[in-house]
Number of protein chains: 2
Amino acid sequence: MEKAIVLLSGGIDSATTLSVAKAGGYEIYALSFDYGQRHRVELESARRVAEASGVKKLLVISFNLRDIGGSALTSGMEVPKRGDCGLRVAGKDRQHEPGMNSPAIPVTYVPARNTIFLSFALAWAETVEAADIFIGANAVDYSGYPDCRPEYLKAFENMANLATKASVEGKTKFRIHAPLIKLSKAEIIRKGTALGVDYSLTWSCYDPVRKQGGYIPCLKCDSCRFRAKGFEEAGLKDPLRQL
Amino acid sequence: MEKAIVLLSGGIDSATTLSVAKAGGYEIYALSFDYGQRHRVELESARRVAEASGVKKLLVISFNLRDIGGSALTSGMEVPKRGDCGLRVAGKDRQHEPGMNSPAIPVTYVPARNTIFLSFALAWAETVEAADIFIGANAVDYSGYPDCRPEYLKAFENMANLATKASVEGKTKFRIHAPLIKLSKAEIIRKGTALGVDYSLTWSCYDPVRKQGGYIPCLKCDSCRFRAKGFEEAGLKDPLRQL
């Protein structure tokens, strides 16, 4: 049985990607990151999804991207909410920082995040002798992140095959798979539903609200909005909203 | 003043690279990693080198590569010593693992290490608005690591310029500098000496020996041997050996 590393955040896209890899016959090594994200509650979802999917192993790697910052997800910047057009930046001093107010890439962008994630995935792939790495990157209903585009993923794959002992010795050709790259959020949800993904286990919200000892989604951030739009367009109800 | 990120392990190569970047007029952001390496004593050297060099900031990022393993530096495998030809692998069960006994790449190779390091460097570069990343990679007197070769570094640079908001928006073209890539260890030591590097602050040994509450180099591992050979060929005495 071929092994695959699957990046698993606990959101809709990564849960669906895991189900696609599993349907492809791979033994799954799921990889999650505790990087100081403000929505760390997603890690609990990653654990639940991994468990429900019967993965071979779930590895959570911890490091602190708050020391680097540069994102609303890892610093004191506010997460933009509905009505802000995704452009609001917290704090007067940041208002005129070049590039921060770009309409194309919102402040929830985390510098080099997928590059860091894929680098750890590559290290683990080499160690467990897997050639295939799956990532839930999506270039349609996404937030405009540069590290979710096909040309970026191709460049990472090219680099990976020059970086490692396994590739240089001709033993392994690493492949980066992004099976959702051209799907809309609605198409992703339909595909995952067909593959039996339990979306009640997933988490999307960037800015969770504490309630009764737990968390509920804010329903206003980009990620909540993409999720709601996806379920609506798929003609399905979000099971997380029914709990 | 332009900023540069410098990967700083605390060894000869990274200390020399830092001095080259400094001589180039950059304001230095030094980046070190506590990744579970058995020679973690090198981190103290990194701190000393950073302090002696007057860097703007030293950031140490922690994560645990022991969870991934696959290297004598991050697992129970023994570090090869003089007479082993760099081929010994600890534990009977590993003796026949494919690729592990390659004469070209020794067991001190850490899967995707430079890729992980450079990914964090890229994240920090984007956040502090630096375009230049320096790494002490060397393809001459080195250990045969694939992620120390020019073609790998070029591929990383290409990927980096597709990965980030700063590059995609046309604000920054990231450059990976490896000023020692074609130098022998002796040439590196001569260059650093000319630039005023205090090599007594640096650390090379992969397998330090505890002595009198501190550590001394084993003088038998590859890294100790490259260091000794370098000083010998440079016609200089290793100040660390005179302490």
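Biologist: In which sense do strand β1 and strand β4 of chain A pair, and over how many bridges?

Modeller: In this predicted model, strand β1 covers residues 3–7 of chain A and strand β4 covers residues 132–134 of chain A. Within the pairing, A4(A) has D132(A) of β4(A) as its bridge partner. The two strands pair in the parallel sense, over 3 bridges.

Biologist: Which strands of chain A stand at the edges of the open sheet?

Modeller: The sheet is open and has 5 strands in the order β3-β2-β1-β4-β5 of chain A, with parallel pairing, and the twist from one strand to the next averages 25°. An edge strand here has a single partner strand, so one side of it is left without a neighbour in the sheet, and the strands for which this holds are β3 and β5 of chain A.

Biologist: Which element gives the most residues to the side of chain A that touches chain B?

Modeller: The contact takes 40 residues from chain A and 40 residues from chain B. On the side of chain A, the elements that give two or more residues are β3, α3, α4 and α5 of chain A. With 9 residues, the element that gives the most is α3(A).

Biologist: Are helices α6 and α7 of chain B roughly parallel or roughly perpendicular to each other?

Modeller: Helix α6 (residues 185–194) and helix α7 (residues 222–234) of chain B have axes 7 Å apart and pack at an angle of about 65°. Angles of 65 to 115 degrees count as roughly perpendicular, and therefore α6(B) and α7(B) are roughly perpendicular.

Note on methods
Residues numbered from 1 in each chain as written. Chains lettered and ligands numbered in written order. Predicted model: local features only at pLDDT ≥ 70, side-chain atom pairs only at ≥ 80, totals over all residues. Axes fitted to C-alpha atoms, helices over the stretch in contact; angles between N-to-C directions. Helix = DSSP H or I, 4+ residues; strand = E, 2+ residues; numbered from the N terminus. Parallel < 35°, antiparallel > 145°, perpendicular 65-115°, else oblique. Contact = placed C-beta atoms within 7 Å. Pairing = 2+ DSSP bridges.
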